[in-house]
Amino acid sequence: MSNIPTSHVARPGRTPLTQTTWRYVGGLGLVVAGAAAALAAGPELAGANLAMVFLLCVLVSAVTFGLGPALASALLAALTYNFFFLEPHYTFRITHPADLVTFLVFFAVALATGWLAGRARDNARRVAGHANATALLLEASRALARTSAPDEAAQVLADQIAAATGGRAIVLLNGDDGLRLAGAPPGLSALDAASLEAAHRTWADTGTAEVADPARAWSFAPLDGVQARVGVVGLRTTAPGDGSDRPDLIGALLEQGGVVIERALLAAAASENAALRRADQLRTGLLTAISHDFRTPLAAILGSATTLSDYGDDLKPGVRRDLLQSIQQDAQQLNKHIGALLDMSQLEGGALRPKQDWTEVREIIGSALRRLRSRLAGHRIARDFASSLSLIKADPTLLEQALLNILDNAATWAPQGSAIRIAAHEDARNVLVSIEDEGPGIPPDQLHAVFDRFHRLSPAGSGGLGLGLSITRGFIEAMGGRVAAVSPLTAAGGTRFVISLPKVVETPRGLL
């Protein structure tokens, strides 16, 4: 993983070297201030008290500016102590052995004090820096983990790098027309030509690139995933000591962001491929429906209508009646196919928006049974409804159509004279509707695919498109419910479809 090196980042104001110089100036300035205070105090400040003043200056320098400035302050304090306060004054010569011992002890204590305090300060800052970096990485990891789209992950990565460095960060991802700005600070919608050129140079090789104009300098680094390069990151720092001199932190952020963006890109590609596969399957099913399931009833309608037109006066009334009934039945079959295709197109296109009306499930079941009265005439209908049933928030039209599809499927497969049982009950969270028939049942190896589009249990089937149960599942799930099939129920067969619709805790107005 390539990091953004500090030498490539254009910074206004102080450089890291200037910051270090100011730390030493500050530490030495404390010693100068201490010496001035001691000279102003005169003979009253001497001996151990005088030494304490300089040691305090060294200690403050160590705690404030670190180890290096502390050691420099200790050396200056020792020399100042010798020059101004040991005889002979204003010289570095030491004539008395006792003064030499005093000087050496003072210098040793000043060095030890500066060393210990400076090391403690630097270690504390280092630990705090590591803790801060860990917190930033943890926050970035959590924020990136919540993203799903590539552009969303790119924006989060740009925000996290900007927060870590105190500057501005951008993320460019590869698009159809080259690199595009996917993550950027507020107010930045496009890059200038020089910046784009530098970004493309970084994308094309493994190095870094920067804009020639220092006043608007972006430093770019490649953003790599596990398998391939996914984009380019640009950084523009705005303040000294901003964290961009911590390549380990920036590198970790780039590594995390590259992996997450690559994962999002792969997920988006997989989703697009799945959508293309679904569209291809739907297209294939439509062609099959048009070539067979639509042409068959159309041919029957055309044949019956032609016979009536050519020989209507010569046909017996019973024959004419049979031909008219055939036209009506085939037209109804076509209408059913067209309605199924329209419903499926709504589900596939995401155009389905269920209403949320207070609905009494038993009334919807009764309406569906009335509409299918002729289809169910050869079956015994057994009802098992709870005496009281909670209202649910649902789309009555979609729910009725889902029930119609299951009842029509039961009427198709159940033998004449058999029973179709309909039950409606509820538990603590859901209203449950079950429809059970005495048909041959669903083979175990096909039970998992019974709700798939264009799935038919046999080539002949019922003349349907194999969309009814798929549409039922789509309608029920669009209303927040679930549907499942259980089969066989006995050794002879039988199938039970169970619809589960969630109850709403709130009470509808006007029902109290």
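The pLDDT is the predictor's confidence in each residue, on a scale from 0 to 100. For this protein the mean pLDDT is 77, and 74% of the residues reach 70 or more.

| Stretch | pLDDT | Contacts in the model |
|---|---|---|
| Residues 1–16 | below 50 | 44 contacts |
| Residues 239–245 | below 50 | 21 contacts |

The model is predicted, and local features need pLDDT of at least 70, side-chain atom pairs count only at pLDDT 80 or more, while totals for chains, interfaces and linings use all residues. Residues are numbered from 1 along each chain as its sequence is written, and side-chain values use heavy atoms, with hydrogens and water left out.

Helices (H or I, at least four residues) and strands (E, at least two) are DSSP runs numbered from the N terminus, and two strands pair if DSSP finds at least two bridges between them. Five strands form an open sheet of mixed pairing in the order S7-S9-S10-S12-S11, with S7 (380–385) and S11 (482–486) as the edge strands, each pairing on one side only. Within this sheet, S10 (residues 430–437) and S12 (residues 495–502) are antiparallel over 8 bridges, and Glu436 has Arg496 of S12 as its bridge partner.

Elsewhere, the axes of helix H9 (residues 361–371) and helix H10 (residues 396–413), lines fitted to C-alpha atoms over the stretch in contact, come within 9 Å and cross at roughly 50 degrees.

Definitions and conventions. Contact means heavy atoms within 4.5 Å. Axes are lines fitted to C-alpha atoms, for helices over the stretch in contact, and angles run from 0 to 180 degrees between N-to-C directions.
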